[in-house]
Amino acid sequence: MNVRNEIPPSEQRREASAWQGGIRPRYPETRIEHAHIDLALNAWLGRLTGHISPAALGAAWQDWAAHLLLSPAKQVELGIQAATDWAEWLRYCAGAVLGNGGEAVRPLAQDKRFSDPAWHAWPWSGISQGFLLTQKWWHRATSGVRGVSPHHSDVVTFVARQLLDSMAPSNFIATNPVAQGVTLARGGENLVHGALRAIGDLRRTLAGAAAPVAYRPGRDVALTPGTVVMKNRLVELIRYAPQTPQVHAAPLLVVPAWIMKYYILDLSPHNSLVRYLVERGHTVYMISWKNPDAPDRELSLEDYRQLGVMAALDTIAAQTGAHRINACGYCLGGTLLAIAAAAMARHGDERLASMTLLAAQVDFTEPGELSLFIDDSEVAFLEAAMWQQGYLDTRQMAGAFQLLRSNDLVWSRRLRHYLLDIPDKDNDLASWNADATRMPCRMHTEYLHNLFLKNRLASVRYIVDGRPIALTDIHVPIFAVGTMTDHVAPWRSVYKIIPLSDTEVTFLLTSGGHNAGVVSPPGMPRRSYQVSVHPHQAPYQGPDAWQAGNPLHEGSWWPAWESWLARQAGPLTDPPAPVAGPAAPGNYVLEP
């Protein structure tokens, strides 16, 4: 095993390249004592607000309220709508008492809170319909106000939805007929168990402890045989053992996101993408990122590029003798891979044979619902927390993702746990999701400023080695995968790799979300995808026209990608010589 202990590039070029784009250090290097007081105050306040900036929420509310005050026509419209909804609810209630209430408003397809037949009986139907009408009215009130910035409008709408969701009648035993039925049937035992479970959850929250993980890497998941063939202070590089007599000439490097542990791509044997590829003759290398802690606070995006992608490519080339290497990046790993590929192209480094991006963005003008938590005020607030502890911790990131799907991940879960006494069903994907990681403060600050806020990569202003890089310098074939219901990397945003590149791009849109859409092995039910090739120099076609014009294929997208990858990987040959080293999954993935 080649153990690399080099000094991180960020420490070699602290002032020259670390805080690129004119961003000044906001941490102890400034040596401005009053700045430390501001940061300490904001970090303390963040503990009380869940690291949501009060200034950002206040600015959004003020923008909305001021423009609503200046919009008398909107006020009249809302008043008429309130009177109409009130009359409709009274009509519905009168009909429901007589047994023919119908339905005043229908929940959204994904809203399952009132789907149980018990909600269709009076008076519960009146309660649920009244809530849905209220929710509908507030959506009208917080959106479509002339003059409000789109970001502030989205924030106010989101906050209003969160407040309403917290007060939904399904959350309280007094207004939930399903919970009342379970309580009567079990003599209140469900409430006792729910109270004990709530106390346990509260203790873990106050102690800062993570929930126990049911599936452990190397024991239940991440079981594909392999060897750690390189290790440095940031990554372990895993090479998976061949499972066919011959393998394709070009190996594959997989770059997962560091916001997640790599084994989402190597879960159980039946849904492991790594195993699927190895069984089809691909030599797969996987980066396993270190889970950073306070001493790693100065790791930068440049460190992730050099100690991650570039160090892995150097090792693969040295061990296999391959002149061409395929590379695949998932989520943030795909963004990093695109940065590395553009820099390599500028330097004349031709080792990449192809590039695959799985649910990865290179343009952040439309980053989806996560943009609700990203503006200058919110980033400054997060920086204070990261300055104090050296990283963004797992709970801070998990909280944002939970709020985006609060019905499923917060309120429905509490209903099941605390009122109905229904424990979560363990599965490998849910267990992986609970096995979260941290983000070093310097890297995450650079990521938020340079990509999310400034969109420097798409606008040819992202600096590597003192010069900007351009995605149009990438000329290797690209395969990009978007997932239909992705709230982290919306597929229309992923689609922007087509106009931003200067090469042939195969774009595939699959059913599912950011994680479940990618983990989609053959044989999984209710899976489908669309795919087509956008030839080099062909006229651009917008995402909606693309979706409407391409046929839907039933089943997993994995075979379509593997077929494309095999064409890029060259002829079959003998597997490369084995390299000694610790067995996969290595040590970094096991770090808490």
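Helices here are DSSP runs of H or I with at least four residues, strands are runs of E with at least two, and both are numbered from the N terminus. By that rule the protein has 21 helices and 17 strands.

Before going on, the ground rules. This is a predicted model, in which local features need pLDDT of at least 70 and side-chain atom pairs count only at pLDDT 80 or more, while totals for chains, interfaces and linings use all residues. Residues are numbered from 1 along each chain as its sequence is written, and side-chain values use heavy atoms, with hydrogens and water left out.

Some overall values next. The protein has 592 residues, and 51% of them count as buried; buried means under 20% relative accessible area, exposed means over 50%, and partly exposed is in between, with a 1.4 Å probe and protein chains only. The accessible surface comes to about 26,000 Å², with 58% of it belonging to carbon and sulfur atoms. Those areas come from the Shrake-Rupley method with a 1.4 Å probe, and for residues only the protein chains shown count as cover. A contact means heavy atoms within 4.5 Å. Among contacts between residues at least 6 apart in sequence, 82% join residues at least 24 apart.

Now a piece of sheet. Two strands pair if DSSP finds at least two bridges between them. Strand β13, residues 478–483, runs parallel to β8, residues 352–358, and four bridges join them. Within that pairing, L357 stands opposite A480. β13 also pairs with β14 in the parallel sense, over six bridges, and there F479 has T506 as its bridge partner. How many of the residues of β13 are buried? Six of its six are. I478, A480 and G482 are buried on one side, and F479, V481 and T483 on the other.

A pair of aromatic rings is described by the distance of the centres and the angle of the planes. Rings of Phe, Tyr and Trp (its six-membered ring) pair if their centres lie within 6.5 Å; planes under 30 degrees apart are stacked, over 60 edge-to-face, and the rest tilted. The whole structure holds 21 aromatic pairs. In one of them, the rings of Y447 and F452 have centres 5.6 Å apart and planes at 80°, so this pair is edge-to-face. Y447 and F452 are both buried. Y495 and F507 are also edge-to-face, at 4.9 Å centre to centre and 85° between the planes. Y495 lies in the loop between α18 (491–494) and α19 (497–500), and F507 in strand β14 (residues 505–510), so the pair ties together parts 12 residues apart in sequence. Y495 is buried at a relative accessible area of 1%, and F507 is buried, also with 1%. W491, Y495, F507, Y540 and W546 form one aromatic cluster.

Last, backbone details. The peptide bond from W122 to P123 is cis, with omega near 10°, and P123 lies in the loop between α5 (72–97) and α6 (124–142). Another cis bond joins A584 and P585, with omega about 15°.

Two residues to check by phi: A359 has a positive phi of about 50° although it is not a glycine, and Q537 has one of about 70°, again not a glycine. Are these residues buried or exposed? A359 counts as buried, at 2% relative accessibility, whereas Q537 is exposed, with a relative accessible area of 70%.
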